[in-house]
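My notes follow in the order I made them.

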Amino acid sequence: MTEHAKKAGELFHEGYNCSQAVFAAFSDVTGIDEKTALKISSSFGGGMGRMREVCGAVSGAFMVLGALYGNCDFDDSKKKEHYALIREAADKFRKENGSIICRELLEGVVKDTSNDPEKRTEEYYRKRPCREYVEIAAEIVDGYIAERGISSENKI
């Protein structure tokens, strides 16, 4: 397991949501301090505000990939290349876990979509596969970093 995957798992177990756990775990390579990373990614937990849509771990991974390899100009070929990277990362997560949708990943485990976050107890952590998902998402991102590297122009 990579150091980023371990860090993501630890952050999740400390009480941060899936998106926060993944995005903040990569603060050392994105150039975004951990507090800012936690704030930016806080909206994406629970499948985006507990709506159980796209998994927060996946959203966090996309944010890291955007921070490292995204584009900020109007070059359609660069947009196309980045979208292909994001789709490929989604496919890797989907292949390993069956879906990128929170409610599908947690089917039979979680039904509540209210605004109220569940209390983080040992039972909460025992019944949820979320720590594993954040670790897998971080591993996928680390694979791209190993492949592509990080240059000073990649960092924010």
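**Entry 1: a pocket lining.** I sorted the lining of the second largest pocket by class and found 10 nonpolar, nine polar and five charged residues. For the classes I counted Ala, Val, Leu, Ile, Met, Phe, Trp, Tyr, Cys and Pro as nonpolar, Asp, Glu, Lys and Arg as charged, and the others, Gly among them, as polar. The lining holds 24 residues. Nearest the centre of this pocket lie Asn17, Gly45, Gly46, Arg52 and Tyr124. I noted a volume of about 310 Å³ for the second largest pocket.

A pocket here is an open set of points on a 1 Å grid over the protein atoms alone, where a 1.4 Å probe fits, with protein on both sides within 12 Å along at least five of seven lines; lining residues have an atom within 4 Å of a point. Grid points are joined across faces, edges and corners, and the volume is the space filled by probe spheres set on the points.

Which helix gives the largest share of this lining? Helix 5 does, with three residues. At least two residues each come from helix 5 (45-48), helix 8 (102-105) and helix 10 (130-148). Helices are DSSP runs (H or I, at least four residues) and strands are runs of E (at least two), numbered from the N terminus.

**Entry 2: ground rules.** The model is predicted, so I kept its limits in view: local features need pLDDT of at least 70, side-chain atom pairs count only at pLDDT 80 or more, and totals for chains, interfaces and linings use all residues. Residues are numbered from 1 along each chain as its sequence is written, and side-chain values use heavy atoms, with hydrogens and water left out.

**Entry 3: the whole chain.** I counted 10 helices and zero strands. The pattern along the sequence reads α-α-α-α-α-α-α-α-α-α. The C-alpha atoms fill a box of roughly 45 × 30 × 25 Å along the principal axes. The radius of gyration is 15 Å, which agrees with the value near 15 Å for a compact globule of 156 residues. I took this radius over C-alpha atoms; the globule rule is 2.2 Å times the number of residues to the power 0.38.

Buried residues make up 46% of the 156 residues. Buried means under 20% relative accessible area, exposed over 50%, and partly exposed in between (1.4 Å probe, protein chains only). Of the contacts with a separation of 6 or more, 69% join residues 24 or more positions apart. A contact means heavy atoms within 4.5 Å.

**Entry 4: helix 2.** How many of the residues of helix 2 are buried? Eight of its eight are. They are Cys18, Ser19, Gln20, Ala21, Val22, Phe23, Ala24 and Ala25. These buried residues pack against helix 1 (3-14), helix 3 (27-30), helix 4 (34-41), helix 5, helix 6 and helix 10.

I then looked at serine 19, which sits in helix 2 (residues 18-25). Serine 19 counts as buried because its relative accessibility is 0%. Its side chain reaches the backbone oxygen of serine 41 at 3.4 Å. At the start of helix 2, a side-chain oxygen of asparagine 17 comes to within 3.0 Å of the backbone nitrogen of serine 19. For polar contacts the cut-off is a pair of N or O atoms within 3.5 Å; within protein, one must be able to donate a hydrogen and the other to accept it, and residues adjacent in sequence count only if both atoms are side-chain atoms. Leaving out residues up to four places away in sequence, serine 19 touches Ser41, Phe44, Gly45, Gly56, Ala57, Ser59, Gly60 and Met63.

Entry 5: Most residues other than glycine have a negative phi. Arginine 50 has a positive phi of about 60°. Phi of arginine 52 is also positive, near 65°. Arginine 50 lies in the loop between helix 5 and helix 6 (56-69). Arginine 52 is placed in the loop between helix 5 and helix 6. Arginine 50 is buried at 10% relative accessibility, and arginine 52 is buried at 5%.

Entry 6: Buried or exposed: which is glutamate 135? Glutamate 135, in helix 10, counts as buried because its relative accessibility is 14%. Its C-alpha atom is 6.0 Å from that of alanine 8, 127 residues apart along the chain. Not counting residues up to four places away in sequence, glutamate 135 touches Met1, Ala5 and Gly9.

Lysine 6 belongs to helix 1. Lysine 6 is partly exposed, with a relative accessible area of 34%. I found 10.0 Å between the C-alpha atoms of lysine 6 and valine 22, 16 residues apart along the chain.
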